[in-house]
Every structure is written in structure tokens, then in C-alpha cells.
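Here are my notes on the model you sent.

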Amino acid sequence: MKISIRRSRRAAIAVALGSVLALTATACGDDGSGAGGDKGDAGSGKGKIVFWDNNGGVRTDIWKEVIADFQKANPDIKVEYVGIASTEYQSKVDTAIQGGGLPDVGGVGAAMLAGFSAQNALEPLDDRLAKSSLSGKLNENMVESLKAAGGGDGTLYSIPTSANNGVLYYRTDLFKKAGLDEPTTWDKFYAAADKLTNAKKNEFGYTIRGGAGSIAQALDAAYGQSGITSFWNGDKTTLNDPKNVAALEKYVALYKKDTPAADLNNDFTKMVAQWDSGTIGMLNHNLGSYQDHLKALGADKFRGIPQPIGATGKRVQVSNPVDGLGVFKSSKNKDAAWKFIEFATSAAENSKFNKSAGQVPSNNDAAKDAWISQAEPTKLAAAALTDGSTTIVQLPYYLPDWNTISKADNEPNFQKVLLGDMSAKDFLDTMAEQLNKAQAEWKEQNG
């Protein structure tokens with residue numbers, strides 16, 4: 001009997017239902033929402049709504065500013081903010097979908113969109129967008145990206161707030177002192193990682209992401225070096241192509257040779273903090289950490305440039321998921337939840353949010369604001385995506401099991417690769433097999 005990955009994931013979620021009561025008590029209360037599939041209600045457009053931030057802690061301060069602005073403009077609506085760490089967000093939502101306690105509105109990025117919509121947890125937003133002040137004002141590529149990620153029927157379940165892009169941050173002061181060229185190619189990247197390392201002095205050329213969120217960074221390094229430009233070759237993934245295997249082997253060989261041993265457990269917050277406070281030459285992250293580096297180091301000690309160029313002379317990157325806001329179908333106050341989304345993605349608020357986050361605004365008017373040209377990594381990233389130098393390998397966010405496969409199932413395996421307990425080939429073969437099965441299931445269900 002064939003058991004789908006999705007069904008096995010739901011079974012695992014059911015085990016976690018013991019946390020539902022605590023989650024519900026802190027998040028919603030009497031006027032909160034129910035479980036996935038509950039039809040909810042439009043509500044009065046007034047009263048209380050609950051908002052779950054999918055990057056709590058990191059984005060808490062800026063969201064509280066947006067919420068304060070919203071409540072000033074809409075005094076008859078109160079927004080209860082619940083910040084949830086990005087590493088815990090999917091499991092929190094999945095648990096609430098099964099057992100109740102969903103918020104009215106929450107962060108719904110492309111990477112987890114299909115999984116939530118497959119469980120009938122999200123409200124379609126096409127009609128609301130068409131009739132709103134946002135109609136024609138949002139970046140069409142971001143809108144289409146979220147439609148594609150929603151599971152295959154072209155329905156819009158999330159309104160985009162921002163787009164991200166991979167960035168290679170490097171310490172200009174350390175590079176100048178060592179007489180190194182800017183790491184614009186993978187060859188220069190590896191040469192710099194080696195030359196800047198002096199483990200006895202606790203100096204390292206690079207910091208690698210070994211903890212939560214490690215897979216996307218590893219895939220970026222693999223495809224960036226191999227030059228393979230498509231995630232699929234027919235019905236099979238290119239993930240475990242021999243070129244990607246060789247590229248990943250070279251990349252993971254940096255661990256403990258040119259990186260700190262502590263990198264094994266690095267999520268992005270630990271990795272960023274370590275880079276900002278130490279003497280590490282390079283860091284791969286995204287636009288979101290630019291402001292942190294600026295505060296810690298000052299503009300004269302680092303740069304953030306697009307990912308290195310490969311041997312083909314072209315830059316290849318894997319796609320970064322578009323982030324957004326969705327209304328949960330079980331909400332009893334959908335009209336008020338929508339008002340909050342419409343306000344948060346208006347030009348002024350979307351600009352304010354993305355200036356703080358260092359990301360590309362979804363509102364076209366916000367994207368014209370002066371701060372974007374002043375934030376060099378954002379400016380360079382936008383140029384790289386439009387000047388023909390970069391090919392984006394689109395990751396299959398539309399697969400309901402993508403987030404589970406790329407996080408829960410394989411982040412522990414990537415740590416085994418770093419420790420030498422699993423080969424890069426076995427790691428990629430394992431993940432490829434899971435993805436091929438998930439793709440076959442998705443095609444069977446979506447024609």
C-alpha cells in the first residue's frame with residue numbers, strides 16, 4: 001500500500017496535538033479562529049484580530065510599528081501580535097490546522113504556502129485583491145510566484161510583502177589586508193576562504209550554515225557551481241546530478257577547515273551574529289541581514305554582492321521564496337484581517353517594513369523609494385536579476401511536502417554530511433528520491 005509523504009506528515013502532526021491547548025490560549029482566546037477547513041466568517045470588520053508573525057524576534061519591532069500605524073488609522077480594530085520564530089512557524093501552524101487555534105492573519109511565504117493550502121487552511125484572495133486599493137499596485141512577478149506556489153490551480157492565497165535574494169557578504173577590510181580580490185567567482189571565493197583562515201587565532205575565511213535553514217544555502221552553492229539551470233529534467237530532479245554532487249562535496253569540505261566547528265548548529269541568527277562580532281571573512285545569507293551588518297560593522301568594513309559566478313561565466317542561483325500575508329479560512333473576522341493586509345502592503349507601510357528588513361518591496365510605488373538605491377546589496381541584487389547575468393533555478397515550492405522535505409527530513413542529514421557520517425552523494429540521492437515521489441504524487445493529483 002502506497003503511503004504518501006503528505007499523509008505521513010499529517011500523522012506526525014497529530015502526535016504534536018498535545019501543544020494545541022497552550023498554543024490556543026496564548027494566541028487567540030474566544031474570538032480567535034478554529035481549525036483548517038472551518039469556513040469562518042467575514043465578521044463585522046471591527047474588533048480584535050490575531051496576527052502571527054512568521055519571523056518573530058527578527059521582525060517584531062517593525063511589525064509593531066506597522067500595527068501601531070494600522071490601529072491609529074483603524075481605531076475600531078485591535079491587532080494582537082504573536083511572534084513565532086521562523087524555525088518553529090510551520091509546525092505551529094500545522095498543529096493549529098489540525099487541532100484549532102489558528103490566527104486570523106499570518107505570514108505565509110512561498111516555501112510553506114502549498115502545504116497550508118493543501119490542508120484547506122487559507123482563504124482565496126483573488127477577488128479581494130481585485131477590488132482593493134492594491135489592485136495593479138503589486139509587483140506582478142511576486143504575485144505570480146505566490147500563485148504558482150499555492151498548489152497548482154493558480155489561486156492567490158497570500159499577498160506578497162517582499163522578495164529576497166541570496167547575497168555574499170564579505171569583509172572589505174580583511175580582504176584588503178590580505179591582498180585578495182573581491183570574491184566575484186567561485187574560484188576566488190574558495191581561495192579567499194583558505195587564505196583568510198588562521199584557526200589558531202580563531203580567524204576563518206567563511207561561516208557555513210549547518211543548522212536550521214541549511215538546505216537552501218547548500219543548494220545555492222551546488223547549483224551555483226555546477227551551472228545546472230533547471231531543478232527538473234522531465235519528471236526527475238537534477239538535484240543529484242553528478243555535477244551537483246561534486247559541487248556540494250567541495251563546499252562541505254570547507255567545514256572545520258576554513259570555518260568554525262560551531263557552524264554545525266548555526267541557524268541564520270547565530271551565523272549572522274557570529275559574523276558581525278568576529279573575524280570571519282565571508283557569509284552567505286540574504287538581503288534580510290544587511291541592516292544587522294551595517295549596525296555592527298559600519299558601511300566601510302563590508303560589502304554585500306550577488307552570489308559568485310560559475311565556470312560558465314553565468315551566475316546561477318536557486319530561487320528565494322517570496323514572503324507574504326494570508327487570511328486563514330477559519331477566521332471569524334476576515335474583513336478586518338483583510339484590512340490589515342491591505343494596510344500593511346500599502347506603499348508607505350510596505351516601504352517602511354522592507355527598509356527595516358533590507359528586502360525588495362512588493363508594492364511598486366514603495367520600490368521607487370530612495371532608500372533602495374542607498375542600500376547597496378539591495379540595489380546590486382535587483383540589478384543582477386534584471387541584467388541577464390543571473391539564471392534562477394526555481395525550487396518546487398508548489399509541492400505540499402517541499403518544506404518538510406527540505407527542512408525536517410534533510411537538515412539532520414546535512415549535518416551528517418558535514419560531520420563525515422554521510423556522503424554528499426547519499427544525501428542528494430535521498431532528497432532526490434523524496435522529491436521525485438512528491439512530484440509524481442502532485443502530477444497525479446493535478447493532472
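1. Is Ala344 buried or exposed? Ala344 counts as buried, because its relative accessibility is 5%; buried means under 20% relative accessible area, exposed over 50%, and partly exposed in between, with a 1.4 Å probe and protein chains only. Ala344 lies in helix 14 (residues 334-344). Helices here are DSSP runs of H or I with at least four residues, strands are runs of E with at least two, and both are numbered from the N terminus. Not counting residues up to four places away in sequence, Ala344 touches Trp63, Val66, Leu325, Glu349 and Asn350, where contact means heavy atoms within 4.5 Å. The C-alpha atoms of Ala344 and Phe70 are separated by 7.7 Å, although the two are 274 residues apart along the chain.

2. On the basis of the notes: this is a predicted model, in which local features need pLDDT of at least 70 and side-chain atom pairs count only at pLDDT 80 or more, while totals for chains, interfaces and linings use all residues. Residues are numbered from 1 along each chain as its sequence is written, and side-chain values use heavy atoms, with hydrogens and water left out.

3. On confidence: pLDDT, the predictor's confidence in each residue from 0 to 100, averages 89 over the chain, and 91% of the residues score at least 70. Over residues 1-32 the pLDDT is below 50, and this stretch has 60 contacts in the model beyond near neighbours in sequence.

4. On the sheet: 4 strands form an open sheet with mixed pairing, in the order 6-9-5-10; two strands pair if DSSP finds at least two bridges between them. Strand 6 (204-207) and strand 10 (302-306) stand at the edges with a single partner strand each, so one side of each has no neighbour in the sheet. Strand 5 (residues 166-171) and strand 10 run antiparallel and are joined by 5 bridges. Tyr169 has Gly304 in strand 10 as its bridge partner.

5. On helix 12: this helix (residues 268-277) packs on the sheet and touches strand 5, strand 6, strand 9 (280-286) and strand 10. Its buried residues are Phe268, Met271, Val272, Trp275 and Asp276. Seen down the axis of helix 12, they fall within an arc of 125 degrees, so they line one face of the helix; the arc is that of the directions from the helix axis to the C-beta atoms.

6. On salt bridges: a search of the whole structure finds 16, each being a side-chain nitrogen of Lys or Arg within 4 Å of a carboxyl oxygen of Asp or Glu. One of them joins Lys352 and Asp69, whose closest N and O atoms are 2.6 Å apart. Lys352 lies in helix 15 (residues 347-357) and Asp69 in helix 3 (residues 60-73), so the pair ties together parts 283 residues apart in sequence. Lys352 is partly exposed, at 30% relative accessible area, and Asp69 is partly exposed at 23%.

7. Glu123 lies in the loop between helix 5 (110-118) and helix 6 (126-130), and Lys334 in helix 14, 211 residues apart. Both Glu123 and Lys334 are buried.

Methods: Axes fitted to C-alpha atoms, helices over the stretch in contact; angles between N-to-C directions.
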